[in-house]
Amino acid sequence: MAGLLESAGFVQGDEAEADIIVLNTCSIREKAEHKVHSAIGRFKALKVAKPELVTVVAGCVAQQEKTRLLKRSPEVDAVLGTHQIARLPQVVKEILEERRRSIHVELIHDVQSLHIPARTDQGRICSFVSIMQGCSNFCSYCVVPHTRGPEQSRPTEEIIAEAQALVSSGVREVTLLGQNVNSYGKDLAGDDSFVDLLTRLDAVRGLSRIRFTTSHPRDFGPDTADAVSRLAKVCEHVHLPVQSGSTRILAAMNRGYTREDYLGKIHDLRSKIPHVALTTDIIVGFPGETEEDFQETLSLLAEVRYDQIFSFKYSRRPQTEARNYTDQIPERVRKERLLAVHTLQDAITQDYARGMIGKKEEVLVEGFRSHTRQAFGRTRSNKIVNFAPTLETEAGMLLFVRITDALKHTFLGEVAD
């Protein structure tokens, strides 16, 4: 969106001096939606100070709330849904010229914004590259299919061309984005698949690393594990959201796999890539989750021993099937279960961190911290490392760093001989 506005002649500034403010929004959890409405509340004072200010709310909350957002928030000039992002410059122009509020939330078959390449800013080492949009899974707790529409894959040639352009601008690592990257290509004419895409990107000259997120366990097959194992530029880090360790709850969530199915995929990954870094998502307090179901989640965490997890209390979302389930779990219980998950995983993560000390890891240098005079970058397993640079250290370099200490969220290291 910033690139679209810059191509129309605008430049980025801060909130206090802006002529246009675009708020991009998420509605995956209730907390995220509340933060959106809080942010919109700031527009009122800004508009009083600067009546000509243009305010646009875009993204998933815009798509979800539609006309309700305009009615509830008179300080918002335009509502721009997830399929209409490409219209942003035109919408802003119309507001500036006509001072007319508008709403654009139509879901369309071919999302234009999916074809817009990332900005090729000089000096950037890592970049996201969208390979698809939407989701067709309809997990019973998830609002994404309703706000982002069905899966739409981006043509392979566009993705390759964007990666090459990013490399020409200095980018050395790309992260492929999609709600379910493993189903990439299923909606395209031809035989394009996610593994084919990884293979072609691995051959892009000048590109050092490839990451991807998010995978759906149902569609994550042995071919993807093979690709992570054999392709030199694909990092050995897989984010594989399990959500629950209980087969009964997984069925209620409409996830499409069992506990045993999931553990089989983990075993396959670790047999092919013993040092693979695994991360996941966990939802606690899903409707109907018994204490026995919850203990199965804890036992799965103890068995798999993820490097890191992202865990959340179940959140009732609009339009989802689970919102209407009658056996909702009390907030007190959800809080207790989330704390138990955090306590267990914190101990596992600390064990991993201590085990890293003394190891030599390949790090892609992403930049320098002016306040500490340290360089920083990430290992192939996605761990952030801060270290004292040598005179030869430059952003974009791959070098080996020996881990000397483990902090809560990062590591310290020194350039290895």
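Tutor: In this predicted model, Asp307 and Lys383 form a salt bridge whose closest N and O atoms are 2.6 Å apart. Asp307 belongs to the loop between helix 12 and strand 12 (308–313), while Lys383 belongs to the loop between strand 14 (374–379) and strand 15 (384–388), so the contact ties together parts that lie 76 residues apart in sequence. Are the two partners buried or exposed? Asp307 has a relative accessible area of 10% and is therefore buried, the limit being under 20%. Lys383, at 15% relative accessibility, also counts as buried.

Salt bridges that share partners also build a network, which joins Glu173, Arg209, Arg211, Glu236, Glu362, Glu366, Arg378 and Arg380. The count of salt bridges in the model comes to 33.

Another of these pairs involves helix 12 itself. The side chains of Arg337 and Glu291 meet in a salt bridge, with 3.6 Å from N to O. Arg337 lies in helix 13 and Glu291 in helix 12 (residues 291–304), and this pair links distant parts of the chain, 46 residues apart. The burial of the two partners can be stated separately: Arg337 is buried, with a relative accessible area of 8%, whereas Glu291 is partly exposed, at 44%.

Lys50 forms a salt bridge with Asp19, the closest N and O atoms being 3.0 Å apart. Here Lys50 sits in the loop between helix 2 (30–49) and strand 2 (54–59), and Asp19 in the loop between helix 1 (2–7) and strand 1 (20–25); the two residues are 31 residues apart, and the pair links distant parts of the chain. Asp19 is partly exposed, with a relative accessible area of 47%.

Helix 13 gives the most, with 3 residues. By class, the lining has 8 charged, 5 nonpolar and 3 polar residues.

The network named above includes Glu173 and Arg209, and the strands that begin at these positions are strand 8 (residues 173–177) and strand 9 (209–213). Both belong to an open sheet of 3 strands, which has the order 5-8-9 with parallel pairing. Strand 5 (126–130) and strand 9 stand at the edges with a single partner strand each, so one side of each has no neighbour in the sheet. From one strand to the next, the twist averages 25°. Strand 5 and strand 8 run parallel and are joined by 5 bridges. Within this part of the sheet, Phe128 stands opposite Thr175 in strand 8.

Tyr257, in the loop between helix 10 (247–252) and helix 11 (259–272), is buried, with a relative accessible area of 6%. The C-alpha atoms of Tyr257 and His216 are separated by 9.9 Å, although the two residues are 41 residues apart along the chain.

How values were computed
Residues are numbered from 1 along each chain as its sequence is written. This is a predicted model: local features need pLDDT of at least 70, side-chain atom pairs count only at pLDDT 80 or more; totals for chains, interfaces and linings use all residues. Side-chain values use heavy atoms; hydrogens and water are left out. Helices (H or I, at least four residues) and strands (E, at least two) are DSSP runs, numbered from the N terminus. Ala, Val, Leu, Ile, Met, Phe, Trp, Tyr, Cys and Pro count as nonpolar, Asp, Glu, Lys and Arg as charged, and the others, Gly among them, as polar. A salt bridge is a side-chain nitrogen of Lys or Arg within 4 Å of a carboxyl oxygen of Asp or Glu. Buried means under 20% relative accessible area, exposed over 50%, partly exposed in between (1.4 Å probe, protein chains only). Two strands pair if DSSP finds at least two bridges between them. Axes are lines fitted to C-alpha atoms, for helices over the stretch in contact, and angles run from 0 to 180 degrees between N-to-C directions.
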